[in-house]
Amino acid sequence: MLSDRIFGLVALMVALAYGASATQIQASFMADPVGPRTFPILVGCVAALCALVIILRPDDDPEWPSLRTLGALAFAVAVLVGYAYALGPFGFLLPTAIASGVLSYQIRPRLLPAALTGIRLSAGLFAIFKFILGLGLVALPASFTG
Amino acid sequence: MKHLVRAALTGAVLSVAATAVSATECIAPANPGGGWDFTCRQIGKILYDIKQVDKPVQVTNMPGAGGGLAFNHVVTERNDDPDLIVAASSATTTRLAQNAYAGRKASDVRFVGAIGIDPGVIAVAADSPYKSLKDLVDAALADPSSVSFAGGSAVGGFDHLKPLMILKGAGLKDITKIKYIGVDGGADAVTQTVGGFTTAMTGDLSGIVGFLKSGDVRALAVLTEERVPGFEDIPTAREQGYDVVAGNWRGLYVPRGISDDDFHKWADRLRAVAESAEWKKAMADNGLAPFTMVGDDFQAYVDKLVAEIRQMSKDIGVIQ
Amino acid sequence: MDLLSNLAMGFGVALSPFTLMLAVIGCFIGTIIGALPGLGPSNGVAILIPLAFSLGLDATSSLVLMTSVYYGAMYGGRISSILLNIPGDEPALMTTLDGYPMAKQGRAGDALVLSGVASFVGAFLATIGLMRLAPLLARVAFLFGPAEYFALYLLAFATLGGIASNNQAKAALASCIGLGIAMIGVDNNSGLPRLTGGNLHLYDGVDFLVAIVGLFAVAEVFFFIESHGKGSSIGVKLEKVTIPVRDIVESGWTMLRSSAVGFVAGVLPGAGASLGSFLSYMSEKSIAGENAGFGTGAPRGVAAPEAGNNAAAGGALVPMLTLGVPGSGTTAVLLALLMTLNITPGPTLFSDRPEVVWGLIASLLIANVVLLLMNVPMVRIFVRILSVPPGVLLPGVTMVSFVGIYSLSSSYFDLLLMIGFGVLGFVLRKLDVPTVPIILGILLGGHMENSLRRAMVLSDGDWTYLFSSPIAIALWAVAIVGFIAPMFLRNVLKRPQRITD
């Protein structure tokens, strides 16, 4: 009950904020009977209505993960974000090995298999992407290879 | 897993020639399938075929902000990369002129050259009552809201500017009354026009070649200085009394920070592509007209274009 | 007969030991590309174009290779949908709804074989349709203006309410999320950016592949971290892989109907494979009624979208070849390939370059047969994916997703967006908010708005323009029926004495 109410409230806020920012959209020099604002505002309103219904008629609460698991999830998100930033500057192999190793450890908390998974996935996927599919991946940053 | 490995080996053997070492990269600042993608792939293929580069050119698609993302990427991250070329066209200069690349200017990169031009064209359906550009312009002058155009660019884009320039030149005051719908590409614009949903289409000659042959559309005017070879029966707008010349050139730019030697190397390579039989055939097959301008001349041409389009866009009201 | 002699010429061009080998390789690579989340048919074909050039293939061989990859990817998309609940590409989205529940029941093999057969039927019928009707069907595109397209998209959204969800408000909110995201980016009708916050990366809008991979693949990883793999399809005891003859026979009519629906959706430029599979699924669902168990692992719910999307893939070739209008991202890439080979599609292609057209059709037929022969035995290998420990499989899927998305735009921004969608997907699924409507909103929302606004520009704001043609009126009628029928049917079907087949 509470989960849905909170979710509905958040959705309501977002929908209203969306609708409000839609009123600020620049109009064009050309005549356009519908205009660039109508649709987004409409979407915001309908979404707000749905959110209200959810607040008023909530479903039963789902089973939320424990605080510890939430921490693990937050950590996983952080690792993925770091991976997203690292893929460009540090090449493919190293970040992939680390990120997939960490994820593997989080799903099955055993150190050695996780480390092996990371290394194997990184090398295997690199081979597949680079040599079969011909994507322009960079293995290692240029500064490593000179 | 064993099968996967076997497949991997087969594939690796097949593609080892393609991806051995990093080579020249051509950025197409759009999704696969568009004009910039065509430029990269065609020029890249010919560069390799005529042995101007020793490895196949790798095409990277970097869509975003109508080319703005790629432009920004080149300026900020690849400014001194001598192995990088980027596909460009009139759309690039139009957006630069309308300041649509978040403050970036044409001088932030170096324009190598253009090796072909897609002439602008105004066409109507075969069963349209308008027989000449004058018929269409007169109808628009009499009642601006009676005429509608479909084009492949967004409102305010290059395809939209073409009819507006003609109509403004003809003395129409309130050009915002002219209806325009921006659809997904030139062929789509033809479909809408042949279907009778819009009065006329504005686009590139290459986009309507097939429809001209099949007799579905009638071209009222090409926007070139002279009639286009191979399409001599289409009159120019200029000879009908409307002095508008607008073509979509296909070319390349390179990062600003490369050495003059590297720049001239690219200019020479591009000229070699322009002179190759392969490119001449590709142009003929795709409805491009010859237009080669490479090196410093081209930079001056681009500057002039940007200034002109900026003035035009201000006059029309696209930008303040 | 003209058709047969043309076809014979096509096979004469396209059938040789070398092209057959290319077809096999293309189908295999295509299947893998389709199955990998984030790599769909369009970037698959784009990735392989340079390969065709560097091998020095001629026009026919390149076409055979690319069409094999294209059809292969359409086949392959279903694999990860069924096994992992992660659509390999956007047309395979609807296959998750019943395919994954089947896999959870241990019937992954059945689902894969059935969907393979359905894909074959859809693609085969579409190819027949392409060769018999293409020049005729090309004219259909001329009948669809902004008003007709608007009604068509409206039809899709009207039936959206029928998607499995216990809470209609949540399903509606989900579509609003999708629609809201679709509005982001440069507005085609004013040329100005909307809701981008000045961020250049958002000017072209949010790519639906980023959303799909985030909402499905990345969210799935979070679920595995939470549960350590319990309650998923992985590790479920699998039944022996056999040919589910009964399911195939029972879905016969479903496949035929869905192929027709999909083909028509494919022929309309701007509708494409996703709409084809969606409309096929929804129409089969309403024909079958509540008791057929759509959404809980009904075989017909697997056959319908697969036949639909493969038929749409074939149908999409009609406007591409005859008008040069690409109906989808993939056909846009094929169009680019043809143009690089100096073949310009258009209304005269069929008469100017018959060898190209019939060679292409022959290679489609070859690819299709190769795919069927390859896919059914390979199901044994595919289902083994489920015996890979989750600690290896899920990180692998994540990395594939990252590379796939990175290859789209080479920017970290899309990756961050994808992670954001992953978190959103996790929270929404916890709260029982369906995620499929979000994707449909992103896929179709922009088109719907654009067609409405184009219609209003052309008519000077006159609303009656929307109902000004028989096609538009018919589509509106179907949309209204589709919107009301589920509410009405639900009451009828709840009567206990009702007997269904």
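Me: Where in chain B does B:Lys51 lie?

Reply: B:Lys51 lies in the loop between helix H2 (35-49) and strand E2 (58-61) of chain B. Helices and strands here are DSSP runs, helices being H or I of at least four residues and strands E of at least two, numbered from the N terminus. The model is predicted: local features need pLDDT of at least 70, side-chain atom pairs count only at pLDDT 80 or more, and totals for chains, interfaces and linings use all residues. Residues are numbered from 1 along each chain as its sequence is written, while chains are lettered from A and ligands numbered from 1 in the order in which they are written.

Me: What is the phi of B:Lys51?

Reply: Start with the general idea. Most residues other than glycine have a negative phi. B:Lys51 has a phi near 60°, a positive value in a residue other than glycine.

Me: Is B:Lys51 buried or exposed?

Reply: Count C-beta atoms, placed from the backbone: 20 or more others within 10 Å of a residue's own make it buried, 12 or fewer exposed, and anything in between partly exposed. B:Lys51 has 8 other C-beta atoms within 10 Å, so it is exposed.

Me: Which phi does C:Asn85 have, and where is its place?

Reply: C:Asn85 has a positive phi of about 65° although it is not a glycine. Its place is in the loop between H4 and H5 of chain C. C:Asn85 is buried, because 22 other C-beta atoms lie within 10 Å.

Me: Why does C:Pro87 count as buried?

Reply: C:Pro87 counts as buried because it has 29 C-beta neighbours inside 10 Å. C:Pro87 too sits in the loop between H4 and H5 of chain C.

Me: Which residues does C:Pro87 touch?

Reply: Two residues are in contact if their C-beta atoms, placed from the backbone, lie within 7 Å. Leaving aside residues up to four places away in sequence, C:Pro87 touches C:Gly77, C:Ser80, C:Ser81, C:Ala92, C:Leu93, C:Thr96, C:Ile212 and C:Phe216. C:Val427 is 340 residues from C:Pro87 along the chain, and their C-alpha atoms are separated by 19 Å.

Me: How many helices and strands does chain C have?

Reply: Chain C has 22 helices and 2 strands. Of its 501 residues, 70% count as buried. Take the contacts in chain C between residues at least 6 apart in sequence: 80% of them join residues at least 24 apart.

Me: At what angle do helix H4 and helix H14 of chain C pack?

Reply: Two packed helices are described by the angle between their axes and the distance between the axes. Axes are lines fitted to C-alpha atoms, for helices over the stretch in contact, and angles run from 0 to 180 degrees between N-to-C directions. H4 (residues 59-84) and H14 (residues 299-315) of chain C pack at about 160°, with axes 10 Å apart. H4(C) and H14(C) are therefore roughly antiparallel. The cut-offs: under 35 degrees is roughly parallel, over 145 roughly antiparallel, 65 to 115 roughly perpendicular, and the rest oblique.

Me: Is the crossing of H4(C) and H14(C) left-handed or right-handed?

Reply: A crossing is left-handed if the near helix is turned anticlockwise from the far one by less than a right angle, and right-handed if clockwise. H4(C) and H14(C) cross right-handed. C:Tyr71, C:Met74 and C:Arg78 of H4(C) meet C:Glu306, C:Asn309, C:Asn310 and C:Ala313 of H14(C). By class, this contact has 3 nonpolar, 2 polar and 2 charged residues. Ala, Val, Leu, Ile, Met, Phe, Trp, Tyr, Cys and Pro count as nonpolar, Asp, Glu, Lys and Arg as charged, and the others, Gly among them, as polar.

Me: How many residues does the contact take from chain A and from chain C?

Reply: The contact takes 57 residues from chain A and 56 residues from chain C. H3(A) gives the most to the side of chain A that touches chain C, with 10 residues. That side divides into 41 nonpolar, 12 polar and 4 charged residues.

Me: How far apart are the axes of H3(A) and helix H20 of chain C?

Reply: The axes of H3(A) and H20 (residues 412-430) of chain C are 8 Å apart, at an angle of about 165°. H3(A) and H20(C) are therefore roughly antiparallel to each other. Their crossing is right-handed. Among the residues making the contact are A:Val77 and A:Leu80 of H3(A) and C:Leu415 and C:Ile419 of H20(C). The contact has 10 nonpolar, no polar and no charged residues.
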